[in-house]
Each structure stands twice: as structure tokens, then as C-alpha cells.
Amino acid sequence: MIAEIVAGVLFAGGLFFHGVAALGVVRMPDFYTRLHAVSKAETAGVVLTLAGLIVLAGVSLTALKLLFVGLFLFVANPTSTHAIARAALRTGQKPWRRRPDHQESP
Amino acid sequence: MSVAIAAAIVLLALVLVYVYRLAMGPTVFDRLLGLSGFGTKTTLVLLLAGAGYERLDMFVDLGLAYALLSFVGAIAAARYFERGGQHR
């Protein structure tokens, strides 16, 4: 019962970060800003959700496997995001500016 | 209804946003971003459904395999489009 409540709180935190990532995917103006929103918020959401699952699983081999999934996603998610951003930059995608006619002025 | 199933249902609703970006993205990299987020969310939904149905010991292996495949697929697609594919 206590474990369910703690897991529910952790799930709620994770879902908040997933919601922020989804909001960024819809609302941000160009590709790089969308990627920025997804990368950080989704990594935080994944870690919190998996922490809730570990609390639900208790002390077992399953919890160890869940910890491994969490560590893997914690490393792999920023890595794949970085690879996508580098590919976009090397193929000449331009970052978004607020006013295209005043690009040179700071 | 357990708390894990409720969280899985909310995550499935959030996956629709990534499907929108996957279908409508202006550039191919937007689609790649949608695919990467879709894979991560699918892993989490698998694990949450496993916890909801009391079979987490089986589903955790499936989730680990899916996370590995999604990561390798995203890296491979990014390398392919970096070397020059169709950019629209």
C-alpha cells in the first residue's frame, strides 16, 4: 500500500516531465528547439517512471533489470538526440531566429 | 485499476503528440525525433503494462530489448541522413 502511494507520486512526476516534453514537441518553433525540449524533459520523465516501477517491484532480480533499463535509457536518450542534432547541423539546417532581418545585430 | 495501468493510459495519450510530429514534421529530422520519442514511450508503456498485469518479470526483458533496438535504429538513421539522403 505504501509502495503503491510512493510509486504513484513518482509516476505523477514522470508524467509531468513527459507532458512538458510533449508540449515542447507541439509548440516549439523549429527543429533544434523541439529537440532541446524533448531531450532533457524526456530523460527526466524516463528516470522518474522507472524509479516508480522499481518501487513497485521491490527487492528482486526484476528491480535490478529495471535499474539496468533506466541506466541504459539515461545514457542512450541524450546520445541519440545528440546524433540527430549533429546530423541536422551537418546537412545545413539553420537554427531559428526571432527576426530574420536583424540576424547580425546582437 | 492499478496505478501503473493509469500511468500507461496517460502515456499512450502523450504518444499521439509524437505520432503527429512523425506524420507532419517539416524536415526528416523532425520525423526522426518523433520516432525516437515514440520508441522511448513504447518501452515505458510495455513496462507499465507488465507491472499492471503482475507479469513484470517477463515484460522487463521485452522492454530492455525494445530500448536497445530503438537506440540502434535512431543512431543508424541519423548516420544515414548525415551522409546525405533526401532532406525533405
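1. Of the 106 residues that make up chain A, 41% count as buried. This should be read with the reminder that the model is a predicted one, and that the values below are computed from it.

2. As to its make-up, chain A has 3 helices and 0 strands, and a reading along the sequence gives the pattern α-α-α. The radius of gyration of chain A is 18 Å, which is well over the 13 Å that the globule rule gives for 106 residues, so chain A is more spread out than a compact globule. The box filled by the C-alpha atoms of chain A, taken along the principal axes, is roughly 60 × 25 × 20 Å.

3. Contacts within chain A also deserve a remark: among those with a separation of 6 or more, 65% are accounted for by residues 24 or more positions apart.

4. Helix 3 of chain A, covering residues 61-90, has 30 residues and reaches 43 Å from its first C-alpha to its last, which is close to the 44 Å expected at 1.5 Å a residue. After helix 3 of chain A comes A:Gly92, whose phi is positive, near 90 degrees.

5. Turning to the pairing of the chains, the axis of helix 2 of chain A (residues 31-57) and that of helix 2 of chain B (residues 28-52) come within 11 Å and cross at roughly 10 degrees. Because angles under 35 degrees count as roughly parallel, helix 2 of chain A and helix 2 of chain B are described as roughly parallel to each other. On the side of chain A, the residues making this contact include A:Phe31, A:Leu35, A:Val38, A:Val46, A:Leu53 and A:Leu56, together with the charged A:Arg34 and A:Glu42; on the side of chain B, they include B:Phe29, B:Asp30, B:Leu33, B:Gly37, B:Leu44 and B:Leu47.

6. Over the chains as a whole, 33 residues of chain B are in contact with 37 residues of chain A. The elements giving two or more residues to the side of chain B that touches chain A are helix 1 (3-24), helix 2 and helix 3 (56-82) of chain B, and helix 3 of chain B gives the most, with 12 residues. The residues on that side of chain B divide into 23 nonpolar, 6 polar and 4 charged.

Notes. Residues numbered from 1 in each chain as written. Chains lettered and ligands numbered in written order. Predicted model: local features only at pLDDT ≥ 70, side-chain atom pairs only at ≥ 80, totals over all residues. Axes fitted to C-alpha atoms, helices over the stretch in contact; angles between N-to-C directions. Helix = DSSP H or I, 4+ residues; strand = E, 2+ residues; numbered from the N terminus. Parallel < 35°, antiparallel > 145°, perpendicular 65-115°, else oblique. Contact = placed C-beta atoms within 7 Å. Rg over C-alpha atoms; globule rule 2.2 N^0.38 Å. Buried ≥ 20, exposed ≤ 12 C-beta atoms within 10 Å, placed from the backbone. Expected span 1.5 Å × (residues − 1).
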